[in-house]
Amino acid sequence: MDLAAIVKALGLKVRSGADLLDRKVTGGFTGDLLSDVMAHSSEGNLWITRQVHQNIIAVASLKDHAGIVLVQGNEPAADTLEKAVKEKVPILVSDLSGFETAGKIYAILKVRGV
Amino acid sequence: MTLREVKDILDAEVLVGQEQMDKDVKTAFGADLMSDVLAFAKAGSLLLTGLTNPQVVRTSDVLDIAAIILVRGKKPSPETLTLAEELKIPIMTTKFILFETAGRLYQRGIVGCMERVDEERVRT
Amino acid sequence: MTKNVFAHETTLYENKFPVEGGNFDKAGQVSSQIKAILKRMKLSSEIIRRVALVSYESEINIVSYARKGHIHIQVKPDYVLIEAIDEGDGIPDLELAMQQGWSTASQRIREMGFGAGMGLCNIKNFSDFFRISSDVGKGTQLKMVIKIDKIFDGI
């Protein structure tokens with residue numbers, strides 16, 4: 001399962017990394033506490049969060065996440081977006097809540113057997 | 001869906017509120033930021049969170065949250081348990097991460113609470 | 001809304017609750033108490049939720065940023081007035097403080113799930129009337145009114 005398929009299925013808005021959507025997604029991880037995400041997420045995870053400040057890019061980059069989905073229609077801060085482009089971290093925006101975003105992505109990943 | 005069914009779906013352990021397992025729930029909100037919960041969660045929702053401090057219980061009390069589901073096997077502090085007992089707010093803990101907890105509940109028909117709570121009060 | 005409009009009305013309930021700065025173990029206690037009192041007064045659950053929420057975010061702010069303070073609540077037939085007054089450093093730039101996402105919170109506050117720069121926005125959004133004033137080096141004053149719709153809220 002690649003990012004492009006998830007973007008299409010959920011109608012996510014692509015804010016950075018439009019050229020990186022062939023990245024494989026190994027699973028999802030939801031969390032708003034950066035230390036939690038650092039400690040428990042895995043490589044290739046699609047990280048679902050409502051945090052928009054630039055520290056999220058460092059976390060996603062260090063953990064080799066497939067990308068970040070911002071929920072509740074939250075847009076990345078300007079410096080976050082700038083950093084995302086530089087660090088090659090795709091940022092996607094969902095208008096749904098974190099719960100529903102996770103629910104839908106979980107269903108897609110499960111069906112495709114990831 | 002009853003809290004008992006939620007418990008079964010999540011293979012969860014009930015820490016507080018064993019006597020409230022017949023309570024009905026339809027919506028859920030998952031977050032680690034309490035101000036987000038305060039802004040968006042509906043009364044009667046499940047709160048899925050990785051936070052275990054007493055403020056999770058306070059927030060749930062303020063919003064009439066039906067039950068708190070702690071994810072990734074987290075255990076609350078003794079102060080959190082005492083407060084939950086006092087305010088009669090059920091707490092369960094599941095071994096699943098928040099992503100999978102949300103996924104499993106969503107699959108079984110629990111819905112999110114996207115509308116801002118303050119817009120709900122608009123009456124005709 | 002001016003004071004005079006409602007001056008003739010009976011006060012159904014009034015109290016002033018002290019809030020200790022820095023004491024996170026007690027943070028929220030006052031709001032739980034207020035909620036219980038309003039429940040006994042049989043206000044509608046929607047009004048109680050909004051009052052409790054506004055009071056709770058204010059209480060968290062006092063605990064997080066001030067030395068001490070108090071929450072004053074007054075219930076009138078038409079509205080609930082909530083005032084949160086603190087003695088602390090105050091807020092130098094109110095416009096900035098009201099911006100969603102702006103925060104000076106410590107790591108400790110953030111770990112508890114607060115300090116994401118949403119508290120004041122939540123307070124404003126859930127109130128029918130909201131006013132903030134602050135004196136640097138002295139403290140901050142919040143004033144909120146939540147209207148009671150008599151037809152629906154039945155008191």
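In chain A, 13 positive and 13 negative side chains are present, and the centres of these two sets lie 4 Å apart. The model is predicted. The accessible surface of chain A amounts to about 4800 Å², and carbon and sulfur atoms account for 51% of this area. Of the 114 residues in the chain, 55% count as buried.

Chain A contains five helices and five strands. Their order along the sequence is α-β-β-α-β-α-β-α-β-α. The radius of gyration of chain A is 12 Å, close to the 13 Å given by the globule rule for 114 residues, so the chain is as compact as a globular protein of that length. The C-alpha trace spans about 35 × 25 × 25 Å along its principal axes. When contacts in chain A between residues at least 6 apart in sequence are considered, 46% of them join residues at least 24 apart.

The largest nonpolar core comprises 68 residues, and within this core C:Val51 and C:Val80 touch the most other members. The greatest contribution comes from helix α3 of chain C (residues 45-65), which supplies ten residues. With neighbours within four places in sequence left aside, C:Val51 is in contact with C:Ile34, C:Leu38, C:Ile73, C:Val80, C:Ile82 and C:Ile146. Another core, of 42 residues, lies apart from the largest one. Among the members of this other core are A:Ile6, B:Ala28, B:Leu48 and B:Val71.

Terms used. Residues numbered from 1 in each chain as written. Chains lettered and ligands numbered in written order. Predicted model: local features only at pLDDT ≥ 70, side-chain atom pairs only at ≥ 80, totals over all residues. Heavy atoms only, no water. Helix = DSSP H or I, 4+ residues; strand = E, 2+ residues; numbered from the N terminus. Rg over C-alpha atoms; globule rule 2.2 N^0.38 Å. Buried < 20%, exposed > 50% of the residue type's maximum accessible area, 1.4 Å probe, protein only. Contact = heavy atoms within 4.5 Å. Areas by Shrake-Rupley, 256 points an atom, 1.4 Å probe, with all protein chains shown as cover. Lys, Arg positive; Asp, Glu negative; His and termini not counted. Charge placed at Lys NZ, Arg CZ, Asp CG, Glu CD. Core = buried A, V, L, I, M, F, W, Y, C linked by side-chain atoms within 4.5 Å.
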